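Sequence and structure are shown first.

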Amino acid sequence: AALIYGFVMKSDVEDTVENYITDAFDTVKNATSANATVDQFVAVNTIQVAVKCCGITGPDYWDWDGQVPSSCCANFTTTDATALCDSADAYTTACMSETEDLIQNALLAVVVLLVVIIIFLVACMIFACCSKKGK
């Protein structure tokens with residue numbers, strides 16, 4: 001049911017994901033140790049490492065005097081999630097567009113999988129009915 005809702009209300013799902021990502025990135029960007037939660041740091045670092053991107057709009061998003069979070073760079077280590085690296089070494093891809101593409105591809109894959117399962121179940125029911133008539 002949640003998947004059908006997600007497919008039908010695709011724009012609402014995209015808006016919700018976009019708002020969450022924007023909120024997490026903005027909080028980390030403007031972070032002092034008091035106002036950003038560990039979950040937000042983890043979410044930002046996870047997105048940037050998994051998608052190989054940097055910032056919502058690219059490395060310039062961070063605007064930290066030529067520095068970006070180390071998760072923007074290929075040599076990211078998980079031992080210090082708050083470490084910085086030089087923006088020249090950062091991924092150039094924007095995270096928002098890459099994450100939206102990733103979510104759309106995942107939704108499409110799940111929908112295709114569900115259609116295949118439904119076709120398989122219908123075929124099984126047809127074969128079961130046909131085998132019952134033969135007896």
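A disulfide is taken here as a pair of cysteine sulfur atoms within 2.5 Å. The model is predicted, and a search of the whole structure finds 3 disulfides in it.

| Disulfide | S to S distance |
|---|---|
| Cys53 and Cys95 | 2.0 Å |
| Cys54 and Cys72 | 2.1 Å |
| Cys73 and Cys85 | 1.8 Å |

Cys54 sits in the loop between α3 and β1, and Cys72 in the loop between β1 and β2 (84-86), so the pair ties together parts that are 18 residues apart in sequence. Buried means under 20% relative accessible area. Cys54, at 0% relative accessibility, therefore counts as buried, and Cys72 is buried as well, with a relative accessible area of 0%.

The disulfide of Cys53 and Cys95 has a torsion of about 100° about its S-S bond, so it is right-handed. Cys53 belongs to the loop between α3 (38-51) and β1 (67-69), whereas Cys95 belongs to helix α4; the pair therefore ties together parts that are 42 residues apart in sequence. Cys53 counts as buried at 0% relative accessibility, and for Cys95 the value is also 0%, which is buried.

For Cys73 and Cys85, the angle about the S-S bond is 70°, and the link is right-handed. Cys73 lies in the loop between β1 and β2 and Cys85 in strand β2, so this pair ties together parts that are 12 residues apart in sequence. Cys73 has a relative accessible area of 1% and is buried; Cys85 is buried at 10%.

Cys124 is partly exposed, with a relative accessible area of 35%. Cys129 is in no disulfide: the nearest cysteine sulfur, that of Cys130, is 6.9 Å away. At 49% relative accessibility, Cys129 counts as partly exposed.

**A nonpolar surface patch**

Which residues form a nonpolar patch on the surface? They are Val110, Leu113, Leu114, Ile117, Ile118, Phe120, Leu121, Val122, Met125, Ile126 and Phe127, with about 1,100 Å² of accessible area together. Phe127 is found in helix α4, which covers residues 95-133. The relative accessible area of Phe127 is 61%, so Phe127 is exposed.

Technical notes
Residues are numbered from 1 along each chain as its sequence is written. This is a predicted model: local features need pLDDT of at least 70, side-chain atom pairs count only at pLDDT 80 or more; totals for chains, interfaces and linings use all residues. Side-chain values use heavy atoms; hydrogens and water are left out. Patches are made of residues with over 30% relative accessible area and no salt bridge: like charges are joined within 9 Å, nonpolar side chains (Val, Leu, Ile, Met, Phe, Trp, Tyr) within 5 Å. Accessible areas come from the Shrake-Rupley method with a 1.4 Å probe; for residues, only the protein chains shown count as cover. A salt bridge is a side-chain nitrogen of Lys or Arg within 4 Å of a carboxyl oxygen of Asp or Glu. Helices (H or I, at least four residues) and strands (E, at least two) are DSSP runs, numbered from the N terminus. Buried means under 20% relative accessible area, exposed over 50%, partly exposed in between (1.4 Å probe, protein chains only).
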